[in-house]
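The following note sets out some remarks on salt bridges and on the exposure of the residues involved. Please read the points beside the sequence and the model.

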Amino acid sequence: VDVEPRTGGAFRMLYPDDRTHIAGEVVEWSPPRRFSCTWVVEGMPGFAELPACLVTYEIEQAGEAARLTMTEAHSWDIPDAILSGGRSGWPAILSSLKSLLETGNPLTIKMAPPQEMLDAIKGLKK
Amino acid sequence: MSKSSFVYVTYIRSTPEKVWQALTDPATMKKYWFGAFAETDWKPGSPWSLKFDDGRVADAGEILESEPPKRLVIRWRNEWKPEIKAEGWSRCTMTIELHQGAVQLTIHHELEGEGTKFIEAVSGGWPRILSNLKSLLETGAVAYETKA
């Protein structure tokens, strides 16, 4: 991740080879409670034309633990098939984050973009 | 009729057998379920109840499907809050799948009717319970002992 830590700053997620995967703008930067940014998937064919979504992380103390709530908000009637990517990806990413923080080791879960999502993106272009 | 539902997917560095054991062994459950535990023999058709640490019945129902270490389906109703009990029988499906690198545990809890109090309640409960379960299996200790 490459982020300018201020409201209006640039936000990017990069692939290991430095190509841009996701690009957006910081909407709120309030450490350590809340981070919100717009989110456009630039690194995958067909996705860059979709409306930006808003990704928000909220961090709260919950007893002895920290509660992290991730929200992905869309401004259009996004098809379920396109949401399937986030539905499969986020749980793996957030699970791995928890493992990393608690054990020092992330999970290495083998994943690929869901076919129904790729098909839906192709369908939109027609 | 429309349904209300809750889905939670978590990945745990463990084996399907250990996740199954944690979901079905009362002594292990107590550690991550804030003292609550199940009473059942986990056979299809058998009664199932979830009890608070003081022995009061929190929820009750029946085992609908049981396929260790892969799949568990429970007919599930709240027993201690009359307004939630009145919403009727929910169905909870727990699925355990081995992926490369981790075990995927999916909880799918559903009930007839839109915006039910029952699904609202379990939506607050499951993330805490499953977060604790993952911590317990990966580190030997839960994330939090008391229900915050």
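Is D80(A) buried or exposed?

1. D80(A) is exposed, its relative accessible area being 52%. The term exposed applies over 50% relative accessible area, buried under 20%, and partly exposed in between (1.4 Å probe, protein chains only). The side chain of D80(A) meets that of R87(A) in a salt bridge, with 3.5 Å from N to O.

2. This is a predicted model, in which local features need pLDDT of at least 70 and side-chain atom pairs count only at pLDDT 80 or more, while totals for chains, interfaces and linings use all residues. Residues are numbered from 1 along each chain as its sequence is written, chains are lettered from A and ligands numbered from 1 in the order in which they are written, and side-chain values use heavy atoms, with hydrogens and water left out.

3. Over all chains, the structure holds 16 salt bridges, each defined as a side-chain nitrogen of Lys or Arg within 4 Å of a carboxyl oxygen of Asp or Glu.

4. In chain B, a salt bridge joins the side chains of R91(B) and E65(B) at 3.6 Å, N to O. This pair links distant parts of the chain, 26 residues apart: R91(B) lies in strand β6 (residues 90-99) and E65(B) in strand β4 (residues 57-67). Strands (E, at least two residues) are DSSP runs numbered from the N terminus. R91(B) is partly exposed at 32% relative accessible area, as is E65(B) at 29%.

5. E28(A), R34(A) and E58(A) belong to one network, joined by salt bridges that share partners. Between E28(A) and R34(A), the closest N and O atoms are 2.8 Å apart. E28(A) is partly exposed at 26%, and R34(A) is partly exposed at 31%.

Technical notes: Helix = DSSP H or I, 4+ residues; strand = E, 2+ residues; numbered from the N terminus.
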